[in-house]
Amino acid sequence: MPRRLRKQILYGAFYLLVLVLIGGGIYFTFFKPAPSCYDNIRNQDEVEIDCGGVCSSVCSTVKIKPLEVNGQILTLRPDEKHMSILAQINNPNLDYMAKSFVYNFSLYDSADKIVKSFSGNSFIYSGEAKYILIPNFPNVVYSRIGFTAENVNWISTLDATAAPNIASVGARNKLEEGKLVVEGNIINNDVVIVMRVKVLAVFTGSLGQIAGASETELTDLSPGEIRAYSIVHPNIEYADLAATKIFLYAQRL
């Protein structure tokens with residue numbers, strides 16, 4: 001190949017590369033669309049294409065199943081003038097954790113109008129079933145209870161932190177001054193401070209049915225710390241105290 005032709009090819013390739021770089025810079029600077037939840041690309045902090053993270057509210061992928069209620073939503077009667085709501089929420093996804101979500105319980109009358117509603121924030125690990133308790137509010141006449149979970153922040157289990165290593169030890173149940181009392185200790189076996197632990201006691205009736213529930217919360221448990229807790233509930237005459245179950249719910253921040 002003649003030397004002059006080689007130079008022309010090299011110069012041509014160089015100028016072409018310069019034009020490509022300039023054109024690419026102009027495109028990425030001025031014309032490339034900003035990432036969105038509708039661009040059919042997995043970007044931002046999405047866990048699937050246009051799904052999860054900042055796109056949780058518009059998530060349309062069938063790979064992530066919605067949170068659901070296990071069985072019936074229960075209404076419990078701690079006393080004659082008050083009631084509580086207890087529901088077990090299930091995350092059917094084994095690969096995704098709901099780092100946060102807003103739950104809503106609505107009580108409807110016979111005309112299907114909302115007579116009372118409650119909302120709050122929670123989280124749920126992959127494959128977990130957890131109880132949510134709305135405790136001790138004045139009696140309401142209702143026909144049905146609805147549940148919704150909104151603003152679910154899904155994250156992949158590959159990106160999620162594990163549940164804190166905590167345990168309830170030495171739990172004991174007793175009837176004291178007309179009240180059911182559950183006492184025990186929470187031990188933080190983890191290497192991090194656990195900012196918040198919800199301790200839920202579910203009381204069982206003589207036939208094995210759920211008869212009542214109550215909860216308390218502990219905060220700022222240091223690594224290795226043992227902290228006492230106490231849960232109180234009005235007496236349930238037919239309760240089987242030996243069958244009382246304790247559930248712990250905590251999340252790494």
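This is a predicted model: local features need pLDDT of at least 70, side-chain atom pairs count only at pLDDT 80 or more; totals for chains, interfaces and linings use all residues.

Reply: Residues are numbered from 1 along each chain as its sequence is written, and side-chain values use heavy atoms, with hydrogens and water left out.

Me: Where does D112 lie?

Reply: D112 belongs to the loop between β3 (96–108) and β4 (114–124); strands are DSSP runs of E, at least two residues, numbered from the N terminus. Although not a glycine, D112 has a positive phi of about 60°.

Me: And N151, buried or exposed?

Reply: N151 is exposed, at 54% relative accessible area; exposed means over 50%, buried under 20%, and partly exposed in between (1.4 Å probe, protein chains only). N151 sits in strand β6 (residues 144–156) and has a positive phi of about 50° without being a glycine.

Me: Switching topic, how many aromatic pairs does the structure hold?

Reply: There are 6 aromatic pairs. Rings of Phe, Tyr and Trp (its six-membered ring) pair if their centres lie within 6.5 Å; planes under 30 degrees apart count as stacked, over 60 as edge-to-face and the rest as tilted. F123 and Y125 are edge-to-face because their ring centres are 5.8 Å apart and their planes at 85°.

Me: Which residues do ring pairs link into a cluster?

Reply: The cluster consists of F101, Y103, F105 and F147.

Methods: Helices (H or I, at least four residues) and strands (E, at least two) are DSSP runs, numbered from the N terminus.
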